[in-house]
Amino acid sequence: MKAIPAKRSGVWHQVVSRPRGALALAILGFLYFCALFAPFLAPYGPGDQDLRRTYHPPTSLTWTRRGLAVRLYENADPSQALYRPIPGRTAVIRWLPIGHPYRLFGLFPCRRHLFGVEPPQKVYLLGSDSIGRDVFSRLLYGAQVSLSIGLIGISISLGVGLVAGGLAGYFGGWFDSVVMRTTELLMAIPGLYLLLALRGAFASQFGSGEVYLLIVIILSFLGWSGAARVVRGLALSLRAQTFVDAAIVTGLSPWRILWRHLLPNLASYLLIAAALSIPGYILGEAALSFLGIGIQEPSASWGLMLAQAQEMKVFMCNFWWLLTPGAAVFVTVAAFNLLGDTLRDVIDPHFRTGDR
Amino acid sequence: MVLFVLRRLLFLIPLLLGVTLLVFFLMSLTPGNFLTPIKAQRDISPEFLAALEKSFGLDRPWYTRYLLWLRNVLHGDFGYSWTYKVAVVDLLWQRVPATLLLNLTSFAFAWAVAIPLGVLAAVHRNSWWDRLTTLFAYASLSIPEFFLALLAVYFAARTGWFPLGGLMSIEHEFFSPIGKILDIAHHLVLPTLVLGLGGVATLMRILRANFLDVIRAEYVTAARAKGLPEHVVIWRHVFRNAVNPLLSTLGYVVAGLLSGSLLVENVMSYPGLGQLIYSAFIRQDQFVVLASVVLSCILLVLGNLFSDILLAWIDPRVRLPAR
């Protein structure tokens, strides 16, 4: 076991200087920016319905004398949701219009949005769903769920895993065997079953915020065991090294040794583990919501939006824009994987996977 | 060796007890039970309901019920599925062949594709081929399985080349024997591709990394130095050593037989175990859930055992700990 102190500036610099790392960070930066400013960037709220414009195709953009504009559409065949652009009729895009009220970052009340059109008309950059909600807006609001759930989930499970695994590895004895048997038990149950059982055990009459918390807790409950086992292994091998003996001899308390001497040596592992496990949380939430037991309507989540795309009508009439949340999940997960691999290459050159 | 196997099998007992206890406890926390739907019906008398509850032991606390269930299982009785009105064992047996078939084909697909791709990528390192396959591996590891399944159904609906779901056509019974096999194969193509793709990427990455590790070993240099043709070096000396760690993934394949295909089966309406288990969870069909959890835990332990033994058999350096 090599214990490489993680110099934060050094790691950061190396990650950015690699094309893969820079690409991953750029994509993630863009995605987090979108999620953070979702209410501002989205022209409509996540639950704004328009039953006269169901399955509306993406509105095409054109240049007119008055600036950028969207084409207007008429419903040619309501039974098939067939829309045709009306020749020559457009609605000009207005910048920073006043729309529905929201709170930016959940704090600052605000009514301005980035763009929009005059109210009776609507702009659908990525079409509308079965009850006329704007897919583009819902995609942005869904990003808030997907992008935050990974970060929160990983902090909980790494925290628990660190404490449990660190203590187990450092002290050993009965605590060690209890923790290890528990992790074995957790790892032996197929994840999805436990997920379903846990989700079922906690009643479904929760509000959307509570369901979100519940999902995070369930996913971290499943996730901490892997981290705990690895941390225990690392702690065991660190425990045998002379600098720990030296620390014990100087009379430091076990907590202080764990905190000041073992934790910094685990930091590089934790960083890699975090980047590589976040996709699991994003996929877990998406799968739960897709199965209908995660985030509930009318809140937006990528998995929930994909569940809607399962209807036969979507396949038959080629409503491809309803599949965009899947592409969003894909891009996010790919970016985190890329970042994790780059971090691993930088921090631990022995375990290289990419360009040797 | 025998001791090792016995020890692993003994570990199964506390594991099964713990897992079933946990699942039982969690399911008892869930409001309502599998009789809730008929309670809402007016034409069922309260006396009958009470009798039903008594016969299923629902009037007793959950730990008593757990012990009752345990006693029945020890007598070989896994209970009765309220939703399907058949014994749980029969129900599982009906679904096992379809899931087994799907998993075997996707497993074969993953290995058949991953091995040549991984070897090619490692041998021609840093070529455009290597970059292309690395990119492909990234993409297929990042795509959610259920989204891929959704895309596959979408593809089938748009082109009409493949059936939209199911295991066989409606007119399956009227086909000739060869037609029957072809019909099932036709239905299997898309689920196999969807389920196998993730496996292809994982196996390929591991194989490539192992290959690159082994190819720098001294015995490979020695083999080259004594003038062996390159293909002998690659296939006899490098490949055999590089493929060893892959065998340990076999255990996970066996373990994932039940839960691995849950999402894919649900999206592609493939009538396998995954679909059954999901609907059992939703309808709180407790005994079906418990039996399938038991089954998958056994498969997990057996799978890991199998891969350990296989590894020891293939690689003489591996010694199984007897303790």
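The following legends describe close-up views of a predicted model.

In this predicted model, local features need pLDDT of at least 70 and side-chain atom pairs count only at pLDDT 80 or more, whereas totals for chains, interfaces and linings use all residues. Residues are numbered from 1 along each chain as its sequence is written, and chains are lettered from A and ligands numbered from 1 in the order in which they are written.

**View 1. The loop residue N126(B).** N126(B) lies in the loop that runs between helix 5 (88-123) and helix 6 (128-142) of chain B; helices are DSSP runs of H or I with at least four residues, strands are runs of E with at least two, and both are numbered from the N terminus. Although N126(B) is not a glycine, its phi is positive, at about 65 degrees. N126(B) is exposed because 11 other C-beta atoms lie within 10 Å (exposed: 12 or fewer such atoms; buried: 20 or more; partly exposed: in between; C-beta atoms are placed from the backbone).

**View 2. The loop residue S269(B).** The loop between helix 12 (262-267) and helix 13 (273-282) of chain B contains S269(B). This residue, also not a glycine, has a positive phi of about 40 degrees. With 15 other C-beta atoms within 10 Å, S269(B) is partly exposed.

View 3. Residues 147-173 of chain A are 96% helix and 0% strand, with end C-alpha atoms 39 Å apart. For residues 319-339 of chain A, the span is 76% helix and 0% strand, and the end C-alpha atoms lie 33 Å apart.
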